[in-house]
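User: I would like to go through the salt bridges and the packing of this chain. Could you take my questions one at a time?

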Amino acid sequence: MQMNNTSDQGPSFTLFKNLTKKDYLTTINHHLMSFLGRDPLRVGKREIYKSLSFTIRDYLVERWIFTQKSFYAKKKKRVYYLSLEFLIGRSLGNSLINLGIYGEMDSVLKELGYDIEEVREEEEDAALGNGGLGRLAACFLDSIATVGIPAYGYGIRYEYGLFFQRMLDGFQVEHPDNWLRYGTPWEFERPENLYPIKFYGTVRRHQNKDGSFRSEWVDSEEVMAMACDVLVPGYNNDFVINMRLWTARASRELDLSYFNRGDYISAVQSKVKSETISKVLYPSDDIREGQELRLKQQYFFVAATFQDILRRFKKKNTVFDSFADEIAVQLNDTHPSIAIPELMRLLVDNEGVAWPKAWELTVNTFGYTNHTLMPEALESWPVDLLAKVLPRHLEIIYNINHQFLQEVSARYPGNVQMLKDMSIIEEGDVKKIRMAHLAIVGSHSVNGVAELHTHLLKTKIFKNFHEFYPGKFNSKTNGITQRRWLLKCNSALSSLISKTIGEEWIINLDHLRKLEAHAKKKAFQKKWALAKKENKQKLADFIKETCEIIVDPETMYDVQIKRIHEYKRQLLNVLHVIVLYHRLINGEDPRSPNRTIIFGGKAAPSYAKAKLIIKLITSVAEVVNNDPRVEGRLKVVFIPNYGVSLAEKIFPAADLSEQLSTAGTEASGTGNMKFALNGALTIGTLDGANIEILEEVGPENIFIFGMTADQVAAARSKPTKTAYDVYRANSEIKRTVDSIRSGYFSKGDTSLFSSIAEGLLDVNDPYLVLLDLEDYLRCQVEVGDLYLDQESWTEKSILNVARMGKFSSDRTIKEYAREIWGIEVD
């Protein structure tokens, strides 16, 4: 369904690809003077970056206008992808790649005396997300544009993204991430798209002339939502969509009554309070004020989005009968699920649509993607908080729940427990709204993001709903965009691949299968290994500059980079580091390969245990890296402030990918895919998408250890062995845990990591670290033995890349389009 370069669509990207170097230089100089007010002869890298970005944006907006016109002309069904996170990273390199002019711009900048990589480093990461959820959303937009689906991404333009992580004495310290301090050339502010968003107030009911009753939300406070558009180009296809991010503006800039009395603080207090809504990504929700702000954020972007959707829909429609035929809305996790009662409010209260018809339209409009198996991560809101902030929505939710429970009661007469379990309202000391239940009831499709994840949703987490709604649950295994995660971030490997099998893999990742024919060829293996070594050297240079640690590119780069969380089990990796360290200093492991073990990731500011795990990693690193007995054999590095741009440096350099989550806890994961696509071998559990990677690459090309999800469930409910049993029976594991308890890695402080040691031995450890440790250590020996055979290792690396076709987000998006949104694609 990609757009062709036909004349009725306006000028093609191919036209500016044929511009001369002089044309590009003229345009860049024009932007330096007219946009930035600078003398082209007296500028630095930041000004060059901005001017180049404005130049690229000019080309993008032209194609965006024609793309939008084609939507209207062809009356295409439109998709609205709602996500509270979009972890887009940097835009310049990705845009140049997708437009096919990266090489030309490299040459242009060289003539100006600049290196394109150095200029790209001037761009701030737009860290508008926390991890996999937001990065997936960004990959999806790239694929939507490349596949050619009429769609929009909607979210929030946070002034401050996820915090900037610095290390102080080995502890994580959070600093504000003011990614907009120099402005961004990539967005268009749209003050004409300004919508009032209501909060608080009361609900008033009045009777219509026909005798029906209608509710009105009155006496509310208002905040204005202003649109900011960021353009997203497809790969080499003239198709450009936009991500629309909402920023909060005060409905009144200044209260003159306060100002004229000399109370200048009160005069602007309302403005400051209003604009707090889009100030920070994920305010801490461990206090009541933080919970309220987070709820307001979710409603703020949902309400603005639906006013925008209805504005667009009502241009061509006066009735709503065709609403669900023209519009599909995908909820990226539960964060936007307040959209369900919001659409009902707009249809019933504002547009006068009868409740049964409005509900039919609502259910047929929404699809819901679940991203978690952790019960505590399934979002719920206290009823009293919702009553305060969104009183009308609480009424609508109660009405939806009443209607739903009547249906449940009819299906299961007399089954009170079933009603209690499935109700949208959770009874208890604090009555809560279960947002996941609301999303399931209010959507026509509920999808998991990996086969195992979906299976567990159907059989455990939402078993009753799956039985009640047969056919509603489905699986859409996550994917990644190969344009960013191979073509852009790994030029050494992607160039080798394209020279060997052609460039079709860039838009059809299945073409990587052609690499299988070269996997055993010695000459090709040598080129493959050289590409890896080049990437490892680049990362070594970065680590030296950033962390002041010298690492050897000849060592195995053993990498675990992801959000720091107990279920992701960075602790398993740390324990292995300590085991290796003890083996080396005691002369017990003379044959194992030399390793550089690399960590990266952020812990939530209020997650004390995760932050302590970071401290343990850095403390172990300090001991290991300063012990001359292991010099050259073992290094440990924690690279701070992990984000998209840092990931683009790490993935290409990795030899081994650590995917260690307790089976049954990781929904999918996408880091596992990025590592494998860049030639790293995986060591992991049978969890999330690891299972499907195993199926694709073959069991001989991946290292699997640990319990299955069923075995984990059995170990929790009917344990036959405890963590303490493992500790007592295995002297090496005992030595490892004891060294943490004794203060060996904390300068004699036995209390610092005592909670970690006690947690490892706890019979109720929910993540079963020690129960999987023995098998993990066994598996790591297999890893080491294979790495010593570089020819076999390289062959398996090639085969991993060759078999990654399934894990393109292009495939995922096509499945969403056909099976959820009702859109045909090629």
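**Salt bridges and packing**

User: What joins glutamate 395 and arginine 392?

Analyst: Their side chains form a salt bridge, with N and O 2.9 Å apart. The term denotes a side-chain nitrogen of Lys or Arg within 4 Å of a carboxyl oxygen of Asp or Glu. This is a predicted model, in which local features need pLDDT of at least 70 and side-chain atom pairs count only at pLDDT 80 or more, while totals for chains, interfaces and linings use all residues. Residues are numbered from 1 along each chain as its sequence is written, and side-chain values use heavy atoms, with hydrogens and water left out.

User: Why are glutamate 395 and arginine 392 separated by about one helical turn?

Analyst: Because they are three residues apart in helix 15 (residues 391-411). Helices (H or I, at least four residues) and strands (E, at least two) are DSSP runs, numbered from the N terminus. An α-helix has 3.6 residues a turn, so residues three or four places apart point the same way.

User: Is arginine 392 buried or exposed?

Analyst: Arginine 392 is buried, at a relative accessible area of 6%, whereas glutamate 395 is partly exposed at 22%. Buried means under 20% relative accessible area, exposed over 50% and partly exposed in between, with a 1.4 Å probe and protein chains only.

User: How many salt bridges are there by this rule?

Analyst: The count is 62.

User: Which residue forms a salt bridge with aspartate 384?

Analyst: Arginine 288 does, and the closest N and O atoms are 3.5 Å apart. The pair links distant parts of the chain, 96 residues apart: aspartate 384 belongs to helix 14 (residues 383-389) and arginine 288 to helix 10 (residues 288-313). Aspartate 384 is partly exposed at 45% relative accessibility, and arginine 288 is partly exposed at 36%.

User: And what is the partner of arginine 595?

Analyst: Arginine 595 forms a salt bridge with aspartate 558, with 2.8 Å between the closest N and O atoms. Arginine 595 is in strand 20 (residues 595-600) and aspartate 558 in strand 19 (residues 556-561), so the bridge ties together parts that are 37 residues apart in sequence. Arginine 595 is buried at 4% relative accessibility, and aspartate 558 is buried at 0%.

User: Which residues are linked in a network?

Analyst: Salt bridges link Arg190, Asp229, Arg244, Asp308, Arg311 and Arg312 in a network.

User: Changing topic: at what angle do helix 10 and helix 12 pack?

Analyst: Helix 10 and helix 12 (residues 339-350) pack at about 45 degrees, with their axes 10 Å apart. Axes are lines fitted to C-alpha atoms, for helices over the stretch in contact, and angles run from 0 to 180 degrees between N-to-C directions. Helix 10 and helix 12 are therefore oblique to each other. Angles under 35 degrees count as roughly parallel, over 145 as roughly antiparallel, 65 to 115 as roughly perpendicular and the rest as oblique.

User: Which residues of helix 10 and helix 12 meet?

Analyst: Tyr299, Val302, Ala303, Phe306 and Leu310 of helix 10 meet Ala339, Glu342, Leu343, Arg345 and Leu346 of helix 12, contact being heavy atoms within 4.5 Å. By class these are eight nonpolar, no polar and two charged residues. Ala, Val, Leu, Ile, Met, Phe, Trp, Tyr, Cys and Pro count as nonpolar, Asp, Glu, Lys and Arg as charged, and the others, Gly among them, as polar.

User: And how do helix 2 and helix 5 pack?

Analyst: Helix 2 (residues 21-34) and helix 5 (residues 102-112) pack at about 65 degrees, with axes 10 Å apart. They are therefore roughly perpendicular to each other. The contact is made by Lys21, Tyr24, Leu25 and Ile28 of helix 2 and Glu104, Met105, Ser107, Val108, Glu111 and Leu112 of helix 5. This contact of helix 2 with helix 5 has six nonpolar, one polar and three charged residues.

User: What does valine 230 touch?

Analyst: Leaving aside residues up to four places away in sequence, valine 230 touches Trp186, Glu187, Ile241, Asn242, Met243 and Leu245. Valine 230 lies in strand 10 (residues 221-233) and is buried at 9%. Valine 230 and tryptophan 186 are 44 residues apart in sequence and 5.9 Å apart in space, C-alpha to C-alpha.

User: Finally, which residues of helix 18 are buried?

Analyst: In helix 18 (residues 451-461) they are Leu452, His453, Thr454, Leu456 and Leu457. These residues pack against strand 17 (445-448), helix 19 (463-468), strand 18 (473-475), helix 27 (690-697) and helix 28 (709-717).
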